[in-house]
Amino acid sequence: MTLLDVQDLEVTYPGGAAAVRGVDLTLGAGEKLGIAGESGCGKSTLALALLRLLPAGARTGGRILLDGEDVLAMKWGRVRAVRWAGASIVFQGAMHSLNAVHRVGDQIAEPILLHRGATAAGARKRAGELLEQVGLPAARASAYPHELSGGQRQRVMIAMALACDPRLIIADEPTTALDVMIQAQILRLIEELVSEQDVGLIMISHDLAVLADTCDRLAVMYAGRVVEEGPARQVYEDARHPYGKALSGAFPRIGDPASRFAPRGLPGDPPDPTAVPPGCAFRPRCTVALDRCAAEDQALREAGAGRRAACVHVGPEADTRTAGSAAAAQDEGLRSSTA
Ligand SMILES: Nc1ncnc2c1ncn2[C@@H]1O[C@H](COP(=O)(O)OP(=O)(O)OP(=O)(O)O)[C@@H](O)[C@H]1O
């Protein structure tokens with residue numbers, strides 16, 4: 001059954017940054033989808049749009065169907081209810097997301113009181129259970145955020161996200177601020193909890209290797225578009241889009257401390273989102289671009305069973321010319337058409 005169906009989603013910030021440009025995504029109930037891509041490619045904007053958390057003035061287009069209901073068309077009262085019981089979000093850096101002056105147990109209990117109609121005692125008891133579920137003693141409910149380690153705070157965030165039994169959890173770089181050992185523990189915890197409770201998961205990361213270890217499917221974003229998607233392991237080990245290939249080569253596996261976020265071997269930067277050039281947005285950095293890529297942007301096309309990629313070189317209609325021969329072939333075509 002489809003839990004989330006994102007159709008042709010567009011997000012433009014005031015000032016003209018086109019951060020998300022026509023994204024289609026689906027997620028089945030209980031499925032785990034990873035979204036990968038370099039900084040600035042629109043991953044967080046997509047996550048914020050899913051829960052209508054975008055800053056004022058951001059313009060949206062398309063549809064976000066959560067259990068068949070369009071989040072973008074909901075009244076605010078309904079959005080607030082959906083934010084806890086329908087879908088919830090875990091951000092990176094729990095210190096900024098938790099309120100420093102309230103005990104963590106009270107922060108977990110609050111949405112249960114508000115959205116579940118629980119009594120104060122019932123909400124407190126549930127908060128203790130949730131803490132235990134994420135591997136913390138229930139007694140830690142009386143702690144303030146600064147009394148916990150970074151990993152413990154992130155566990156509290158996960159307990160909060162689970163508080164109203166959502167159908168979908170969105171985790172935006174949930175482990176980026178943590179050291180490698182704690183990262184692995186938190187990832188395992190998220191994976192176990194979503195699997196046990198049949199909750200859908202969208203996990204966002206720079207790191208394709210982390211996503212391949214945690215998720216069923218992977219979507220790779222570049223300049224506000226999904227340029228590749230498919231089964232997580234296959235995309236990680238054998239990407240079809242030149243950007244997917246560059247990303248999977250760029251990041252070492254979990255535990256390898258070497259330059260986690262540096263896309264080595266991929267010179268240049270993503271385009272300025274206020275002025276995305278025509279054609280394929282990846283073309284200026286692509287080693288296999290053809291001349292036609294400057295004018296034509298490719299839609300996602302079939303790239304093997306259950307896989308899609310937005311590149312002229314993939315699929316049954318693949319353009320088999322190589323970058324070097326493209327100009328020559330075009331010259332040849334020109335010569336013969338003018339002869
Ligand atoms: N509030 C905002 N106003 C204007 N532009 C914004 C705003 N937030 C993000 N952007 C721009 O939108 C683009 C996408 O940003 P976004 O944060 O979604 O990317 P990201 O892939 O999540 O990157 P990161 O991994 O660094 O968070 C970027 O170019 C960013 O500068």
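Analyst: Start with helix α7, residues 180-197. This is a predicted model. α7 has 18 residues, and at 1.5 Å a residue they should span 26 Å.

Now the sides of the helix. Buried in α7 are Gln183, Ile186, Leu187, Ile190 and Val194. These five residues cover an arc of only 100° around the axis, which puts them on the same side of α7. The spacing has a simple basis. An α-helix has 3.6 residues a turn, so residues three or four places apart point the same way.

Which exposed residues does the face turned away from the buried side of α7 carry? They are Met181, Ser195 and Glu196.

What covers the buried residues of α7? The cover includes three strands, β3 (32-36), β7 (168-172) and β8 (200-205). It also includes the helices α6 (150-162) and α8 (208-214). After α7 comes aspartate 198, with a positive phi near 55°.

Seven of its eight residues are buried, so α1 is largely enclosed by the rest of the structure. The buried residues are Lys43, Thr45, Leu46, Ala47, Leu48, Ala49 and Leu50.

The shell has 14 residues, and Tyr13, Ala19, Ser39, Ser44 and Thr45 come nearest to the ligand. Thr45 is also one of the buried residues of α1. By class, the shell has six nonpolar, seven polar and one charged residues.

Last, the domains. The domain assignment gives domain 1 as 2-97 + 162-271 and domain 2 as 277-339. Between them, 18 residues of domain 1 are in contact with 17 residues of domain 2. On the side of domain 1 that touches domain 2, β10 (225-231) and α10 (242-250) each supply at least two residues. β10 gives the largest share of that side, seven residues. The residues on this side of domain 1 are 10 nonpolar, four polar and four charged.

Notes:
Residues are numbered from 1 along each chain as its sequence is written. This is a predicted model: local features need pLDDT of at least 70, side-chain atom pairs count only at pLDDT 80 or more; totals for chains, interfaces and linings use all residues. A residue is near a molecule or strand if its C-beta atom, placed from the backbone, lies within 6 Å of it. Ala, Val, Leu, Ile, Met, Phe, Trp, Tyr, Cys and Pro count as nonpolar, Asp, Glu, Lys and Arg as charged, and the others, Gly among them, as polar. A residue is buried if 20 or more other C-beta atoms lie within 10 Å of its own, exposed if 12 or fewer, and partly exposed in between; C-beta atoms are placed from the backbone. Helices (H or I, at least four residues) and strands (E, at least two) are DSSP runs, numbered from the N terminus. Domain bounds come from an automatic or database domain assignment. Two residues are in contact if their C-beta atoms, placed from the backbone, lie within 7 Å. The expected span of a helix is 1.5 Å times one less than its number of residues. The arc is that of the directions from the helix axis to the C-beta atoms.
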